[in-house]
Amino acid sequence: MATQTKLWNFSAGPAILPPSVFERAADAVRELRADGHAPGSPGVGMSILEVSHRSKPYEAITFGAEKLCHEVLGIPETHQVLFLQGGASLQFAMIPMNLREAGKRACYVDTGVWSQKAIAESQPLGETQVIASSAATNYDRIPAFPGGEAYAGASYVHITTNNTIFGTEYESIPRAEGDVPLVIDFSSHAGSRPMALENAALGYAGAQKNLGPSGVTLVYIRKDLLAKKPAGHVPVILRYATHAKEPSLYNTPNTFGVLVLKLVLEWMRDEGGLAAIGERNDRKAGKLYAALDASALFQPHAQPGSRSRMNVTWTAAGAPEAEREAITNKFLKEAQAAGFDGLKGHRSVGGLRASIYNAFPEAGVDALVDFINEFERKL
Ligand code: PMP
(Lines give C-alpha, C1' and ligand atoms only; values in the text may rest on other atoms or scores of the structure.)
Protein backbone atom coordinates (compact mmCIF):
# COMPACT_ATOMS: atom_id res chain seq x y z
CA MET A 1 0.00 0.00 0.00
CA ALA A 2 1.22 3.51 -0.81
CA THR A 3 2.34 5.40 2.27
CA GLN A 4 3.78 8.42 0.47
CA THR A 5 1.75 10.41 -2.02
CA LYS A 6 3.58 11.36 -5.18
CA LEU A 7 2.93 15.09 -4.98
CA TRP A 8 3.72 17.57 -2.23
CA ASN A 9 0.17 18.63 -1.41
CA PHE A 10 -0.02 22.30 -0.39
CA SER A 11 -3.81 22.45 -0.68
CA ALA A 12 -5.68 24.74 1.73
CA GLY A 13 -8.30 22.06 2.35
CA PRO A 14 -9.28 19.30 1.97
CA ALA A 15 -5.65 18.79 2.78
CA ILE A 16 -2.90 16.35 3.53
CA LEU A 17 -3.42 13.88 6.39
CA PRO A 18 -0.85 11.52 7.93
CA PRO A 19 -0.15 8.37 5.85
CA SER A 20 -0.87 6.20 8.90
CA VAL A 21 -4.36 7.74 9.09
CA PHE A 22 -5.01 6.90 5.43
CA GLU A 23 -4.01 3.32 6.15
CA ARG A 24 -6.12 2.96 9.27
CA ALA A 25 -9.11 4.59 7.54
CA ALA A 26 -8.73 2.20 4.58
CA ASP A 27 -8.60 -0.70 7.05
CA ALA A 28 -11.85 0.52 8.66
CA VAL A 29 -13.50 0.67 5.24
CA ARG A 30 -12.63 -3.01 4.79
CA GLU A 31 -13.67 -3.91 8.34
CA LEU A 32 -14.19 -1.72 11.36
CA ARG A 33 -12.57 -2.86 14.59
CA ALA A 34 -14.18 -2.67 18.03
CA ASP A 35 -13.26 -0.04 20.65
CA GLY A 36 -13.27 2.85 18.20
CA HIS A 37 -11.14 0.98 15.64
CA ALA A 38 -8.42 0.35 18.21
CA PRO A 39 -5.40 -1.53 16.82
CA GLY A 40 -5.55 -5.16 17.91
CA SER A 41 -9.28 -5.08 18.66
CA PRO A 42 -11.43 -7.67 16.88
CA GLY A 43 -13.28 -6.78 13.70
CA VAL A 44 -16.98 -6.03 14.10
CA GLY A 45 -17.95 -7.83 10.87
CA MET A 46 -18.87 -4.65 9.02
CA SER A 47 -17.27 -1.72 7.21
CA ILE A 48 -17.36 1.73 8.83
CA LEU A 49 -19.39 2.73 5.77
CA GLU A 50 -22.29 0.43 6.68
CA VAL A 51 -22.31 0.45 10.46
CA SER A 52 -25.31 2.12 12.16
CA HIS A 53 -24.74 5.40 13.97
CA ARG A 54 -26.91 3.94 16.76
CA SER A 55 -24.61 0.95 17.24
CA LYS A 56 -22.06 0.26 19.99
CA PRO A 57 -19.10 0.35 17.57
CA TYR A 58 -20.07 3.84 16.41
CA GLU A 59 -20.69 5.07 19.95
CA ALA A 60 -17.11 4.12 20.78
CA ILE A 61 -15.97 6.23 17.82
CA THR A 62 -17.97 9.37 18.49
CA PHE A 63 -17.53 9.40 22.28
CA GLY A 64 -13.87 8.47 21.85
CA ALA A 65 -13.37 11.36 19.43
CA GLU A 66 -15.14 13.73 21.82
CA LYS A 67 -12.86 12.68 24.67
CA LEU A 68 -9.77 13.18 22.51
CA CYS A 69 -10.93 16.70 21.60
CA HIS A 70 -10.69 17.55 25.30
CA GLU A 71 -7.47 15.63 25.91
CA VAL A 72 -5.50 16.42 22.76
CA LEU A 73 -6.87 19.78 21.61
CA GLY A 74 -7.31 21.13 25.13
CA ILE A 75 -11.00 21.95 24.88
CA PRO A 76 -12.05 22.61 28.48
CA GLU A 77 -14.63 20.41 30.22
CA THR A 78 -16.82 23.49 30.70
CA HIS A 79 -17.59 23.24 26.98
CA GLN A 80 -19.55 20.64 25.03
CA VAL A 81 -17.91 19.18 21.91
CA LEU A 82 -20.14 18.69 18.85
CA PHE A 83 -19.51 17.13 15.45
CA LEU A 84 -21.80 18.87 12.98
CA GLN A 85 -22.24 19.03 9.22
CA GLY A 86 -22.63 21.92 6.78
CA GLY A 87 -19.01 23.06 7.08
CA ALA A 88 -17.73 26.11 8.89
CA SER A 89 -20.05 28.07 6.59
CA LEU A 90 -23.13 26.73 8.35
CA GLN A 91 -21.65 28.05 11.61
CA PHE A 92 -21.61 31.55 10.09
CA ALA A 93 -25.43 31.24 10.10
CA MET A 94 -25.99 29.16 13.25
CA ILE A 95 -24.04 31.59 15.43
CA PRO A 96 -26.26 34.65 14.91
CA MET A 97 -29.39 32.48 14.93
CA ASN A 98 -28.53 30.92 18.29
CA LEU A 99 -26.48 33.52 20.13
CA ARG A 100 -28.10 36.80 19.14
CA GLU A 101 -30.18 38.14 22.00
CA ALA A 102 -33.16 40.46 21.53
CA GLY A 103 -32.13 44.11 21.31
CA LYS A 104 -28.39 43.43 21.38
CA ARG A 105 -25.96 43.88 18.51
CA ALA A 106 -23.41 41.35 17.26
CA CYS A 107 -19.77 42.46 16.90
CA TYR A 108 -17.20 41.17 14.40
CA VAL A 109 -13.53 41.73 13.63
CA ASP A 110 -13.03 41.79 9.85
CA THR A 111 -9.83 40.02 8.81
CA GLY A 112 -10.84 39.05 5.29
CA VAL A 113 -12.99 36.82 3.15
CA TRP A 114 -14.15 34.32 5.79
CA SER A 115 -14.88 36.99 8.39
CA GLN A 116 -16.95 38.82 5.79
CA LYS A 117 -18.98 35.72 5.05
CA ALA A 118 -19.66 35.37 8.77
CA ILE A 119 -20.65 39.05 8.96
CA ALA A 120 -22.98 38.67 5.96
CA GLU A 121 -24.96 35.95 7.76
CA SER A 122 -25.42 38.15 10.81
CA GLN A 123 -26.53 41.32 9.04
CA PRO A 124 -30.05 40.25 7.99
CA LEU A 125 -30.80 39.20 11.57
CA GLY A 126 -30.07 42.50 13.28
CA GLU A 127 -27.50 45.16 14.10
CA THR A 128 -24.03 43.96 13.18
CA GLN A 129 -20.99 46.05 14.00
CA VAL A 130 -17.47 45.70 12.64
CA ILE A 131 -15.28 46.74 15.58
CA ALA A 132 -11.88 46.35 13.88
CA SER A 133 -10.65 45.64 10.36
CA SER A 134 -7.43 45.34 8.38
CA ALA A 135 -9.17 45.98 5.03
CA ALA A 136 -7.11 49.16 4.49
CA THR A 137 -3.92 47.12 4.08
CA ASN A 138 -5.53 44.24 2.16
CA TYR A 139 -5.70 42.10 5.30
CA ASP A 140 -1.96 41.74 5.69
CA ARG A 141 -2.20 41.85 9.50
CA ILE A 142 -4.39 41.12 12.48
CA PRO A 143 -5.77 44.36 13.94
CA ALA A 144 -5.35 44.91 17.67
CA PHE A 145 -8.24 43.35 19.56
CA PRO A 146 -10.36 46.28 20.78
CA GLY A 147 -10.98 47.05 24.42
CA GLY A 148 -14.20 46.05 26.11
CA GLU A 149 -15.96 49.37 25.44
CA ALA A 150 -16.05 48.51 21.70
CA TYR A 151 -18.30 45.50 22.26
CA ALA A 152 -19.90 46.22 25.64
CA GLY A 153 -23.47 44.94 25.76
CA ALA A 154 -23.14 42.88 22.55
CA SER A 155 -24.59 39.40 22.13
CA TYR A 156 -21.09 38.16 21.20
CA VAL A 157 -17.88 39.16 19.46
CA HIS A 158 -16.62 37.04 16.55
CA ILE A 159 -13.05 36.70 15.27
CA THR A 160 -11.36 34.50 12.64
CA THR A 161 -8.20 33.34 14.38
CA ASN A 162 -6.43 32.06 11.26
CA ASN A 163 -7.17 33.59 7.88
CA THR A 164 -6.62 30.87 5.32
CA ILE A 165 -6.68 33.15 2.28
CA PHE A 166 -4.55 36.05 3.51
CA GLY A 167 -2.22 33.95 5.64
CA THR A 168 -2.66 35.84 8.90
CA GLU A 169 -3.05 34.42 12.38
CA TYR A 170 -3.68 35.75 15.88
CA GLU A 171 -0.57 35.17 17.96
CA SER A 172 -2.85 34.24 20.84
CA ILE A 173 -6.57 33.99 21.37
CA PRO A 174 -7.68 37.20 23.07
CA ARG A 175 -9.84 37.31 26.14
CA ALA A 176 -13.05 39.31 25.80
CA GLU A 177 -13.78 41.68 28.66
CA GLY A 178 -16.96 41.52 30.71
CA ASP A 179 -19.32 38.66 30.08
CA VAL A 180 -19.53 39.08 26.30
CA PRO A 181 -18.98 35.66 24.70
CA LEU A 182 -16.04 35.41 22.32
CA VAL A 183 -16.68 33.29 19.23
CA ILE A 184 -13.76 31.99 17.17
CA ASP A 185 -13.51 30.51 13.70
CA PHE A 186 -10.31 28.51 14.14
CA SER A 187 -10.87 26.29 11.10
CA SER A 188 -7.47 26.55 9.52
CA HIS A 189 -5.22 26.31 12.57
CA ALA A 190 -7.17 24.02 14.90
CA GLY A 191 -4.76 21.64 16.59
CA SER A 192 -1.66 23.36 15.21
CA ARG A 193 -0.18 24.42 18.58
CA PRO A 194 -1.27 24.97 22.17
CA MET A 195 -3.84 27.77 22.30
CA ALA A 196 -6.13 29.25 24.91
CA LEU A 197 -9.35 27.72 23.60
CA GLU A 198 -10.95 28.41 26.97
CA ASN A 199 -11.03 32.12 26.09
CA ALA A 200 -13.78 31.41 23.58
CA ALA A 201 -17.36 30.67 24.56
CA LEU A 202 -17.84 29.02 21.19
CA GLY A 203 -15.27 27.80 18.68
CA TYR A 204 -15.71 26.07 15.34
CA ALA A 205 -13.49 24.49 12.75
CA GLY A 206 -14.20 22.73 9.48
CA ALA A 207 -12.24 19.50 9.87
CA GLN A 208 -10.78 19.40 6.37
CA LYS A 209 -7.48 21.10 7.19
CA ASN A 210 -5.75 19.77 10.30
CA LEU A 211 -8.41 17.51 11.72
CA GLY A 212 -9.80 15.16 9.10
CA PRO A 213 -11.88 15.02 5.94
CA SER A 214 -14.49 17.51 4.77
CA GLY A 215 -18.05 17.00 5.98
CA VAL A 216 -17.39 17.30 9.71
CA THR A 217 -17.28 20.55 11.65
CA LEU A 218 -15.90 20.57 15.15
CA VAL A 219 -17.84 22.92 17.42
CA TYR A 220 -17.26 23.49 21.09
CA ILE A 221 -19.68 25.56 23.11
CA ARG A 222 -19.71 26.66 26.74
CA LYS A 223 -22.50 24.73 28.38
CA ASP A 224 -24.33 27.76 29.82
CA LEU A 225 -24.84 29.11 26.27
CA LEU A 226 -26.98 26.08 25.43
CA ALA A 227 -29.73 27.46 27.66
CA LYS A 228 -29.68 30.94 26.10
CA LYS A 229 -32.93 32.09 24.52
CA PRO A 230 -32.33 33.18 20.91
CA ALA A 231 -33.90 36.37 19.60
CA GLY A 232 -35.96 34.60 16.91
CA HIS A 233 -37.20 31.16 15.91
CA VAL A 234 -34.41 28.67 15.22
CA PRO A 235 -35.26 25.42 13.38
CA VAL A 236 -34.66 22.38 15.59
CA ILE A 237 -31.82 21.03 13.44
CA LEU A 238 -29.98 24.37 13.66
CA ARG A 239 -30.03 24.68 17.46
CA TYR A 240 -26.85 23.87 19.34
CA ALA A 241 -29.03 22.57 22.18
CA THR A 242 -30.46 19.90 19.87
CA HIS A 243 -27.03 18.52 19.02
CA ALA A 244 -25.82 18.77 22.61
CA LYS A 245 -28.80 16.86 24.01
CA GLU A 246 -28.23 13.80 21.82
CA PRO A 247 -24.54 14.40 21.59
CA SER A 248 -23.77 14.66 17.87
CA LEU A 249 -26.34 11.92 17.22
CA TYR A 250 -29.56 13.91 16.67
CA ASN A 251 -29.58 12.93 13.02
CA THR A 252 -27.29 10.68 10.98
CA PRO A 253 -23.78 12.08 11.39
CA ASN A 254 -20.87 11.78 8.97
CA THR A 255 -19.82 8.49 10.55
CA PHE A 256 -16.76 7.97 8.38
CA GLY A 257 -15.63 11.57 8.88
CA VAL A 258 -15.89 11.32 12.66
CA LEU A 259 -13.85 8.11 12.59
CA VAL A 260 -11.10 9.80 10.57
CA LEU A 261 -11.17 12.77 12.96
CA LYS A 262 -10.62 10.32 15.81
CA LEU A 263 -7.72 8.67 13.99
CA VAL A 264 -6.13 12.07 13.37
CA LEU A 265 -6.45 13.00 17.06
CA GLU A 266 -4.82 9.71 18.03
CA TRP A 267 -2.00 10.44 15.61
CA MET A 268 -1.60 13.91 17.17
CA ARG A 269 -1.50 12.40 20.67
CA ASP A 270 1.10 9.83 19.56
CA GLU A 271 3.23 12.54 17.95
CA GLY A 272 3.59 14.17 21.37
CA GLY A 273 0.49 16.35 21.39
CA LEU A 274 0.09 20.04 20.64
CA ALA A 275 3.40 21.11 22.16
CA ALA A 276 5.46 18.85 19.89
CA ILE A 277 3.28 19.58 16.86
CA GLY A 278 3.46 23.31 17.54
CA GLU A 279 7.26 23.23 17.67
CA ARG A 280 7.42 21.44 14.35
CA ASN A 281 4.97 23.89 12.79
CA ASP A 282 7.00 26.85 14.06
CA ARG A 283 10.10 25.38 12.49
CA LYS A 284 8.40 24.58 9.16
CA ALA A 285 6.80 28.03 8.79
CA GLY A 286 9.98 29.71 10.07
CA LYS A 287 12.05 28.18 7.27
CA LEU A 288 9.61 29.29 4.60
CA TYR A 289 9.25 32.87 5.90
CA ALA A 290 13.03 33.14 6.29
CA ALA A 291 13.51 32.17 2.62
CA LEU A 292 10.83 34.63 1.48
CA ASP A 293 12.19 37.45 3.65
CA ALA A 294 15.65 36.85 2.19
CA SER A 295 14.34 36.85 -1.39
CA ALA A 296 14.66 39.93 -3.59
CA LEU A 297 11.88 38.64 -5.82
CA PHE A 298 9.27 37.32 -3.43
CA GLN A 299 7.73 38.88 -0.33
CA PRO A 300 5.37 37.42 2.25
CA HIS A 301 1.93 39.05 2.19
CA ALA A 302 1.42 38.87 5.96
CA GLN A 303 3.32 41.25 8.24
CA PRO A 304 5.57 39.97 11.04
CA GLY A 305 3.55 39.40 14.19
CA SER A 306 0.49 38.35 12.18
CA ARG A 307 1.95 35.54 10.10
CA SER A 308 0.14 32.24 9.87
CA ARG A 309 2.10 29.09 10.55
CA MET A 310 -0.44 27.15 8.48
CA ASN A 311 -1.02 29.22 5.35
CA VAL A 312 2.02 31.06 4.05
CA THR A 313 1.12 33.62 1.36
CA TRP A 314 3.51 35.54 -0.82
CA THR A 315 3.74 37.59 -4.02
CA ALA A 316 6.40 38.52 -6.54
CA ALA A 317 6.43 42.02 -5.04
CA GLY A 318 10.14 42.48 -5.82
CA ALA A 319 9.45 42.39 -9.59
CA PRO A 320 8.10 45.31 -11.60
CA GLU A 321 4.31 45.29 -11.29
CA ALA A 322 3.75 44.55 -14.97
CA GLU A 323 5.78 41.34 -14.72
CA ARG A 324 4.41 39.91 -11.49
CA GLU A 325 1.56 37.91 -12.96
CA ALA A 326 3.74 36.28 -15.62
CA ILE A 327 6.38 35.39 -13.02
CA THR A 328 3.74 33.92 -10.72
CA ASN A 329 2.34 31.81 -13.55
CA LYS A 330 5.79 30.63 -14.56
CA PHE A 331 6.51 29.69 -10.94
CA LEU A 332 3.25 27.74 -10.69
CA LYS A 333 3.86 25.89 -13.95
CA GLU A 334 7.40 24.90 -13.05
CA ALA A 335 6.43 24.04 -9.48
CA GLN A 336 3.66 21.76 -10.69
CA ALA A 337 6.05 20.00 -13.06
CA ALA A 338 8.45 19.51 -10.14
CA GLY A 339 5.73 17.88 -8.01
CA PHE A 340 4.51 20.83 -5.89
CA ASP A 341 0.71 20.92 -6.00
CA GLY A 342 -1.76 23.52 -4.78
CA LEU A 343 0.46 26.61 -4.56
CA LYS A 344 -1.85 29.02 -6.37
CA GLY A 345 -2.94 31.79 -4.04
CA HIS A 346 -6.43 33.15 -3.74
CA ARG A 347 -7.27 35.89 -6.26
CA SER A 348 -7.73 38.45 -3.48
CA VAL A 349 -4.01 38.24 -2.65
CA GLY A 350 -2.96 37.46 -6.19
CA GLY A 351 0.16 35.42 -5.57
CA LEU A 352 1.13 32.12 -4.07
CA ARG A 353 0.16 30.19 -0.99
CA ALA A 354 1.61 27.14 0.70
CA SER A 355 -0.68 25.49 3.22
CA ILE A 356 1.58 23.50 5.51
CA TYR A 357 -0.77 21.81 7.93
CA ASN A 358 0.28 19.43 10.71
CA ALA A 359 0.65 16.40 8.44
CA PHE A 360 2.71 18.25 5.85
CA PRO A 361 6.26 16.91 6.14
CA GLU A 362 9.17 19.19 6.95
CA ALA A 363 11.03 17.61 4.02
CA GLY A 364 8.38 19.10 1.70
CA VAL A 365 9.01 22.57 3.15
CA ASP A 366 12.76 22.11 2.63
CA ALA A 367 12.11 21.03 -0.96
CA LEU A 368 9.94 24.10 -1.56
CA VAL A 369 12.57 26.43 -0.09
CA ASP A 370 15.18 24.94 -2.44
CA PHE A 371 12.79 25.29 -5.36
CA ILE A 372 12.08 28.98 -4.53
CA ASN A 373 15.80 29.78 -4.26
CA GLU A 374 16.59 27.97 -7.48
CA PHE A 375 13.71 29.63 -9.34
CA GLU A 376 14.94 33.08 -8.31
CA ARG A 377 18.54 32.26 -9.20
CA LYS A 378 17.58 31.13 -12.70
CA LEU A 379 15.14 33.96 -13.44
N1 PMP B 1 -13.51 29.69 7.73
C2 PMP B 1 -12.23 29.54 7.34
C3 PMP B 1 -11.16 30.22 8.13
C4 PMP B 1 -11.94 28.77 6.21
O5 PMP B 1 -10.66 28.62 5.82
C6 PMP B 1 -12.97 28.14 5.50
C7 PMP B 1 -12.72 27.24 4.31
N8 PMP B 1 -11.53 27.30 3.71
C9 PMP B 1 -14.28 28.35 5.93
C10 PMP B 1 -14.52 29.10 7.06
C11 PMP B 1 -15.44 27.71 5.21
O12 PMP B 1 -15.43 26.36 5.50
P13 PMP B 1 -16.40 25.31 4.82
O14 PMP B 1 -15.99 25.18 3.40
O15 PMP B 1 -16.16 24.09 5.64
O16 PMP B 1 -17.80 25.82 4.96
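Me: What do buried, exposed and partly exposed mean here?

Reply: Buried means under 20% relative accessible area, exposed means over 50%, and partly exposed lies in between, with a 1.4 Å probe and protein chains only. This is a predicted model, in which local features need pLDDT of at least 70 and side-chain atom pairs count only at pLDDT 80 or more, while totals for chains, interfaces and linings use all residues. Residues are numbered from 1 along each chain as its sequence is written, and side-chain values use heavy atoms, leaving out hydrogens and water.

Me: How is a pair of aromatic rings described?

Reply: The distance of the centres and the angle of the planes describe such a pair. Rings of Phe, Tyr and Trp (its six-membered ring) pair if their centres lie within 6.5 Å, and planes under 30 degrees apart count as stacked, over 60 as edge-to-face and the rest as tilted. By this rule there are 16 aromatic pairs. In one of them, Phe145 and Tyr151 have ring centres 5.7 Å apart and planes at 40 degrees, so the pair is tilted. Phe145 is partly exposed at 22% relative accessible area, whereas Tyr151, at 1%, counts as buried.

Me: Which kind of pair do Phe331 and Phe371 form?

Reply: Their centres are 5.3 Å apart and their planes stand at 75 degrees, so Phe331 and Phe371 form an edge-to-face pair. Phe331 lies in helix H9 (residues 321-337) and Phe371 in helix H10 (residues 362-378), so the pair ties together parts 40 residues apart in sequence; helices here are DSSP runs of H or I with at least four residues, numbered from the N terminus. Both Phe331 and Phe371 are buried. Ring pairs also link them into a cluster whose members include Trp8, Phe298 and Trp314.

Technical notes:
Helices (H or I, at least four residues) and strands (E, at least two) are DSSP runs, numbered from the N terminus.
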